[in-house]
Amino acid sequence: MRTPNLGRRTALIVSSAAALSLLTGCGAADMTRQASPFANARGARTVTLSVQSWVGAQSNVAVAQYLLEHRLGYRVDTVQVDEVPAWDALSQGRVDAILEDWGHPDQEKRYVDDKRTIVRGGGLGVTGHIGWYVPTYLAEQHPDITDWRNLDRYASLFRTPESGGKGQLMDGSPSYVTNDKALVANLKLNYQVVFAGSEAAQITQMKQFAKERKPFLTYWYTPQWLSGEVPMTEVKLPPYKEGCDADAAKVACAYPHTPLQKYLNAGFAENGGEAAAFLKRFRWTTEDQNEVSLMIADQKLTPAEAAEKWVDGHESTWKAWLS
């Protein structure tokens, strides 16, 4: 999800409908080597989109898929692939586009600059940020808890059976690539990184803690719809400076703010016609993404239902993507 290679999620391939409904983070067989039967189908009005398992990325794909199918007449297939393997799939034409990348400079150099099998598709319009957060009710009780230098003072508040005698820093899935273990070690903090298992499991724990007004410290990111339901306050880590996270083992700085980007297969970008042009123009706001995400994750609409509802209420936004 961020530089360098801050990825997420379990790799699997699913049907177009099922890909966007996976919010539970349940495991599945690794099928990332398989491609959609529609990818790179010459002469066919088909598009294959890579969809990541976190709900914000699903929202992008849901709206893009709805408009491609209902306004431009394409058949859209989706493939859920872990972040780094998605670059390989995109390079090989097994998917046509990635709509939300959080910054993978090694992959960008390899495939965009050197091999030229992938091209930049422009900004998504959303800026992503990862960090450590505590619930705002806890920050109001202990204002100095939002400075990393004071975290050890409060470690006992965050102890759990899983963290032993240390404070718990809750992460999401063990497949996520984060800096958190290195940060804990390099900042010499009395904490243990504990993985919830998936974004959905992490959200469940956070909501339960919040319901009981319990303290918790968590790896978290914005934009994310839950932040509107459970207000969060970021813990200030040592300031991010360009290159401070270049060596994953030595990271001792905050995560950057990352303008999220789109990438297209080079062949598709050149020959993908209306679909490629549409995806290049696809650009919306954090508020737009969160609106769709909330409908999917909290209101339990299907991605297609959420996309249709958003499209019905935001014609002035998406019409510009079609022209």
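Predicted model: local features only at pLDDT ≥ 70, side-chain atom pairs only at ≥ 80, totals over all residues.
Let me start with the overall picture. The chain is built from 13 helices and 9 strands. Of its 323 residues, 55% are buried. If we take the contacts in the chain with a separation of 6 or more, 73% of them join residues 24 or more positions apart.

One example of two residues meeting across the sequence is Val-81 with Gln-52. They are 29 residues apart in sequence, yet their C-alpha atoms are 6.4 Å apart in space. Val-81 sits in the loop between strand E2, residues 75-79, and helix H3, residues 83-91. And is Val-81 buried or exposed? Its relative accessibility is 3%, so Val-81 counts as buried, the cut-off being under 20%.

Now for the backbone, which I know some of you like to check by torsion. The peptide bond from Thr-222 to Pro-223 is cis, with omega near 5 degrees. You will find Pro-223 in the loop that runs between strand E7 (217-222) and helix H8 (226-229).

For Arg-116, phi is near 60 degrees. Arg-116 belongs to the loop between helix H4 (105-114) and strand E4 (118-135), and with 65% relative accessibility it counts as exposed. For Lys-188, phi is about 55 degrees. Lys-188 is in the loop between helix H6 (180-186) and strand E6 (191-195). With 69% relative accessibility, Lys-188 counts as exposed.

On to the sulfurs. How many disulfides does the structure hold? The count is 1, and the partners are Cys-244 and Cys-253, with their sulfur atoms 2.0 Å apart. The torsion about that S-S bond is about 85 degrees, so the disulfide is right-handed.

My last stop is a pair of helices. As a reminder, two packed helices are described by the angle between their axes and the distance between the axes. For helix H12 (residues 303-313) and helix H13 (residues 315-322), the axes come within 6 Å and cross at roughly 95 degrees. An angle from 65 to 115 degrees counts as roughly perpendicular, and H12 and H13 are therefore roughly perpendicular to each other.

Which residues of H12 and H13 meet? On the H12 side we have Trp-310, Val-311 and Gly-313, and on the H13 side Glu-315, Thr-317, Trp-318 and Trp-321. By type, the residues of this contact between H12 and H13 divide into 4 nonpolar, 2 polar and 1 charged.

Terms used: Residues numbered from 1 in each chain as written. Heavy atoms only, no water. Helix = DSSP H or I, 4+ residues; strand = E, 2+ residues; numbered from the N terminus. Buried < 20%, exposed > 50% of the residue type's maximum accessible area, 1.4 Å probe, protein only. Disulfide = S-S within 2.5 Å. Axes fitted to C-alpha atoms, helices over the stretch in contact; angles between N-to-C directions. Parallel < 35°, antiparallel > 145°, perpendicular 65-115°, else oblique. Contact = heavy atoms within 4.5 Å. Nonpolar A, V, L, I, M, F, W, Y, C, P; charged D, E, K, R; others polar.
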